[in-house]
Amino acid sequence: MMEWFSALELFAKFYWAIALIGSLFFLFIIITTFMGADGGEDIDDINAEAGIEFQFITFKNLVGFFTIFGWSGIACLDAGFSKPVTVIISFISGLLMMTIMAAMFHYMKKLTSSGTLDYKNAINAVGEVYITIGANRSKIGKVSVNIQGSLRELDALTDCKTALKYGTVITVLDVTSNGILIVDTHKTT
């Protein structure tokens with residue numbers, strides 16, 4: 001194996017070294033990702049925490065660049081291309097790989113949701129009293145309301161003159177700053 005590598009010219013050795021090192025890092029990232037480790041996420045999250053939406057230069061993208069840069073350079077050399085053409089093709093291939101990976105990770109992050117409940121999404125929602133709500137905001141009760149695609153049991157108050165008993169159909173009118181729903185009996189039109 002060493003005789004084969006030492007017989008290569010310097011230009012080919014450069015591409016083989018880049019391809020093999022890039023591939024080892026790529027393999028490491030794949031294995032750690034499948035094992036549940038972060039696979040370099042901490043490095044990439046530095047830019048994410050800074051509020052940068054589209055991250056082009058990340059550790060994973062650079063590994064992808066060097067891996068494709070090396071292997072496309074080897075393919076060009078094996079095909080008999082000249083050195084300048086090999087460098088141009090391998091550089092463009094690496095940049096293309098970085099762009100594909102950056103776009104892929106960008107759109108995959110958009111597919112995830114934080115799962116944080118936004119109480120403002122409950123306004124105008126129709127639900128049902130779960131625990132009696134006192135009249136004129138005298139006692140906090142609970143209501144069952146469908147918010148953001150799931151049924152939630154949330155604290156509620158009412159401005160009605162009478163208490164809202166279990167099973168009363170309600171409409172959410174507003175949300176207080178601390179997340180308590182303001183409800184009223186549901187008016188059918």
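Q: How many helices and strands does the protein have?
A: There are five helices and five strands. Please note that this is a predicted model.

Q: In what order do the elements run from the N terminus on?
A: The order is α-α-α-α-α-β-β-β-β-β.

Q: What do the five strands close into?
A: They close into a barrel, in the order β1-β2-β3-β5-β4. The pairing in this barrel is mixed. On average, neighbouring strands of the sheet are turned by 55° against each other, with direction ignored.

Q: Remind me, through what do strands of a sheet pair?
A: They pair through backbone hydrogen bonds, and the arrangement is either parallel or antiparallel.

Q: Then β3 and β5: parallel or antiparallel?
A: Strand β3 (residues 150-158) and strand β5 (residues 181-185) run parallel, and three bridges join them. As an example, T158 has V183 in β5 as its bridge partner.

Q: And how many bridges join β4 to β5?
A: Five bridges join them, and these two strands run antiparallel.

Q: What do β4 and β5 form, and which residue in the turn has a positive phi?
A: The two strands form a hairpin with five residues between them. The residue in the turn is G179, whose positive phi is about 90°.

Q: In which sense do β1 and β4 pair?
A: β1 and β4 pair in the antiparallel sense, over three bridges. V126 stands opposite T171 in β4.

Q: Changing topic to the aromatics. How many aromatic pairs are there?
A: The count comes to nine aromatic pairs. F65 and F66 form one with ring centres 5.1 Å apart and planes at 80°, so this pair is edge-to-face.

Q: Are those two buried or partly exposed?
A: F65 is buried, with a relative accessible area of 8%. F66, in contrast, counts as partly exposed at 38% relative accessibility.

Q: What about F65 and F69: stacked or edge-to-face?
A: The planes of F65 and F69 are at 20°, so the pair is stacked; the ring centres are 5.6 Å apart. Both residues belong to helix α4 (residues 59-78), where being four residues apart separates them by about one helical turn. F69 is buried, with a relative accessible area of 8%.

Q: Which residues do the ring pairs link into a cluster?
A: The cluster holds F11, F14, Y15, F65, F66, F69 and F91.

Q: On to charges. How many salt bridges does the structure hold?
A: The structure holds four salt bridges. One of them joins K83 and E9, with the closest N and O atoms 3.3 Å apart.

Q: Where do K83 and E9 lie?
A: K83 lies in helix α5 (residues 83-111), while E9 is in the loop between α1 (2-7) and α2 (10-34), so the pair ties together parts that are 74 residues apart in sequence.

Q: Are they buried or partly exposed?
A: K83 is partly exposed, with a relative accessible area of 45%. E9 is also partly exposed, and its relative accessible area is 45%.

Q: Which residue does D159 meet in a salt bridge?
A: D159 meets R137, at 2.7 Å from N to O. D159 lies in the loop between β3 and β4 (169-175) and R137 in the loop between β1 (126-131) and β2 (141-147), so the contact ties together parts that are 22 residues apart in sequence. D159 is partly exposed at 45%, and R137 is partly exposed at 42% relative accessibility.

Q: And what does K187 pair with?
A: The side chain of K187 meets that of D184 in a salt bridge, at 3.6 Å from N to O. K187 is exposed, with a relative accessible area of 55%. D184 counts as partly exposed at 21% relative accessibility, where the limit for buried is under 20%.

Q: Last, the overall picture. What share of the residues is buried?
A: Buried residues make up 32% of the 189 residues in the protein. The protein exposes about 11900 Å², of which carbon and sulfur atoms supply 66%.

Q: And what share of the contacts between residues at least 6 apart joins residues at least 24 apart?
A: That share is 57% of such contacts in the protein.

Definitions and conventions:
Residues numbered from 1 in each chain as written. Predicted model: local features only at pLDDT ≥ 70, side-chain atom pairs only at ≥ 80, totals over all residues. Heavy atoms only, no water. Buried < 20%, exposed > 50% of the residue type's maximum accessible area, 1.4 Å probe, protein only. Contact = heavy atoms within 4.5 Å. Areas by Shrake-Rupley, 256 points an atom, 1.4 Å probe, with all protein chains shown as cover. Phe/Tyr/Trp six-rings, centres within 6.5 Å; stacked < 30°, edge-to-face > 60°. Pairing = 2+ DSSP bridges. Axes fitted to C-alpha atoms, helices over the stretch in contact; angles between N-to-C directions.
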